[in-house]
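This report describes selected local features of one protein model. The sequence and structure are shown first.

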Amino acid sequence: MSDPAKEPEPKMAADPKKRPLAHGLDSIATLVTSVEETPEPIPTVIKGNIPPWINGSFLRNGPGKFEFGESRFNHWFDGMALMHRFHICDGQVTYSSRFLRSDSYVQNLEKNRIVVSEFGTLAMPDPCKNIFAQFFSRFQIPKATDNAGVSFVKYKGDFYVSTETNYMRRIDPQSLETKEKVDWSKYIAVSAATAHPHYDREGATYNLGNSYGRQGYFYNIIRVPRGEGGADGADLNGAEILCSIPAASSRKPSYYHSFAMSENYVIFIEQPIKLDLLKFMLYRVLGKSFHEVMSWEPQLETVFHVVDRRTGQLSKTRYYTTAMFTLHQINAYEDNGYLIMDMCCGEDGNVIGDFTLENLKAAGEEMDKFYNSLCTILPWRYVLPLEVKEEEPNDQNLINLLNTTATAMKTTTGVFCTHENLYNHDLLEYGGLEFPQINYTHYNARPYRYFYACGFGHVFGDSLLKMDLEGKKLKVWRHPGLFPSEPVFVPAPDAKDEDDGVVMSVVVTPRERKSSFLLVLDAKTFTELGRAEVPVDIPSGTHGLFNEMG
């Protein structure tokens with residue numbers, strides 16, 4: 001339990017983008033199989049030591065039910081949201097879980113079939129209707145789902161679960177009871193928002209939402225003021241749009257999952273994963289699900305839109321790079337007139353649609369083939385010069401920082417940026433990385449040294465990684481057959497260093513039923529302190545957070 005974390009020796013990469021081909025991968029079908037909820041807290045078995053200073057709840061979200069009656073969801077993202085709570089107090093841990101009582105869940109349950117369309121599943125017309133009613137139902141405007149299974153988020157001190165539509169659900173973080181449905185469009189003129197807001201040190205929350213009208217399609221930077229929470233109902237009053245960024249193509253806007261934020265700027269990344277709005281309007285007629293009207297268009301550029309988060313002013317400089325996609329950013333900060341952005345990036349945006357349940361339930365050679373077809377996600381750094389003078393010559397590197405190999409060159413159409421690889425060759429042995437986390441409370445939007453992530457030697461993360469950016473050195477927690485969730489850093493109360501604290505992750509395995517556990521690592525040494533074993537099945541999840549209030 002106290003074995004030292006592995007520290008691979010850095011190597012020069014022969015090909016810095018390709019991981020080794022995999023052979024003999026475990027089947028992970030049981031990790032995407034429906035489970036029962038555990039609404040009342042149950043005790044766990046503690047192995048090792050859970051530090052007594054940890055007091056609060058580790059909250060997790062993700063899909064947990066994949067069928068109703070004879071109808072089954074097609075995509076992993078479609079499963080009904082299952083919320084998890086690990087309550088930690090005085091070295092002991094209890095576990096509970098509840099399905100989100102969304103309208104989608106309730107309606108599907110009542111009809112015993114899928115009646116609300118999700119990201120990868122198109123709900124079929126009611127078979128009890130006559131043929132004419134079924135035909136005309138295909139021309140009805142589809143309703144957005146409130147199956148908020150991506151993450152837990154906070155606004156004005158209240159907890160919500162969120163997805164990528166205009167709906168969230170307020171949640172009681174102690175009981176996991178589902179509260180009221182919240183519609184962003186009732187507070188502000190947007191039709192959707194991300195499940196990955198950012199928080200400033202004054203207590204305000206920032207997000208990104210889209211809108212569409214006669215003037216075109218816009219990406220909107222949203223600010224929600226601070227609040228105390230605890231009110232009788234959801235409160236997003238005071239939400240405002242700081243800036244509206246016009247899409248490069250109103251007919252084919254970009255898909256986005258998150259955004260970056262530094263101390264003074266919000267950065268929207270317009271990437272070449274495109275949503276065809278015409279096909280979207282007709283997708284029921286065409287018999288296509290939402291993810292099938294998205295396309296990866298690598299002939300297009302990726303554009304970084306930089307917005308002053310205090311004035312809402314959009315930078316006149318057009319920063320761009322070659323086609324790439326990103327789902328999650330690591331951190332962003334400013335340094336001597338430069339904006340530094342670290343993010344997890346890939347070179348094939350088709351990967352989003354690939355996580356179908358059919359692919360995830362493959363076995364043997366088919367699983368190996370699926371994994372080997374996926375692009376490797378790697379940490380990249382872009383550096384943007386915040387002041388670009390007209391007299392600057394073209395095709396000359398504008399970056400004068402000594403500690404980066406990233407470049408930015410003025411061109412006739414803006415500033416063209418190339419990235420620095422934030423890794424050595426040893427990372428490829430762990431399959432690249434995703435689900436990055438940092439010491440967010442103290443180092444978000446500031447210069448930092450460490451980040452934590454899942455290594456992807458399998459379709460789902462099969463290791464935990466700690467990256468030291470001084471030398472790009474890795475520490476690794478990895479055990480065969482174990483699949484850890486997104487690592488969440490919790491700072492120690494007396495922390496002096498950036499990595500004084502613990503990293504938490506929920507570990508699941510397809511090899512043995514009812515063998516999941518909450519893992520607690522010493523963040524500095526990356527060795528195991530303890531685990532809390534849970535006597536129920538837990539499926540693979542998405543995102544979560546630590547709630548100090550319990």
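The sections below cover a sheet, a hairpin, a helix and a loop residue of this predicted model.

## The sheet β9 to β12

Four strands make up an open sheet in the order β9-β10-β11-β12, and their pairing is antiparallel. The edge positions are taken by β9 (151–155) and β12 (178–183); each has a single partner strand, so one side of each lacks a neighbour in the sheet. On average, neighbouring strands here are turned by 35° against each other, direction ignored.

Strands of a sheet pair through backbone hydrogen bonds, in either a parallel or an antiparallel way. Between β11 (residues 167–171) and β12, which run antiparallel, there are four bridges. In one of the pairings, Arg 169 has Lys 181 of β12 as its bridge partner.

## The hairpin β32–β33

Strands β32 and β33 form a hairpin, with four residues between them. Gly 471 lies in the turn and has a positive phi of about 95°. The two strands run antiparallel, and five bridges join β32 (residues 463–468) to β33. Across this pairing, Lys 466 stands opposite Lys 475 in β33.

How many residues of β33 are buried? The count is four of the five in the strand (residues 473–477), so β33 is largely enclosed by the rest of the structure.

## Helix α6

Helix α6 spans residues 365–373, and Met 367, Asp 368, Phe 370 and Tyr 371 are buried in it. Viewed down the axis of α6, the buried residues fall within an arc of 165°, so they line one face of the helix. In general, an α-helix has 3.6 residues a turn, so residues three or four places apart point the same way.

What do the buried residues of α6 pack against? Their packing partner is α5 (357–360). Glu 365 and Lys 369, on the other side of α6, are exposed.

## Leu 402 in its loop

Leu 402 is located in the loop that connects β26 (378–385) and β27 (407–411). Is this leucine, Leu 402, buried or exposed? Its relative accessible area is 88%, and the cut-off for an exposed residue is over 50%, so Leu 402 counts as exposed.

Leu 402 can also be placed relative to Arg 85: the two are 317 residues apart in sequence. In space, their C-alpha atoms are 45 Å apart.

Terms used
Residues are numbered from 1 along each chain as its sequence is written. This is a predicted model: local features need pLDDT of at least 70, side-chain atom pairs count only at pLDDT 80 or more; totals for chains, interfaces and linings use all residues. Side-chain values use heavy atoms; hydrogens and water are left out. Two strands pair if DSSP finds at least two bridges between them. Axes are lines fitted to C-alpha atoms, for helices over the stretch in contact, and angles run from 0 to 180 degrees between N-to-C directions. Buried means under 20% relative accessible area, exposed over 50%, partly exposed in between (1.4 Å probe, protein chains only). The arc is that of the directions from the helix axis to the C-beta atoms. Contact means heavy atoms within 4.5 Å.
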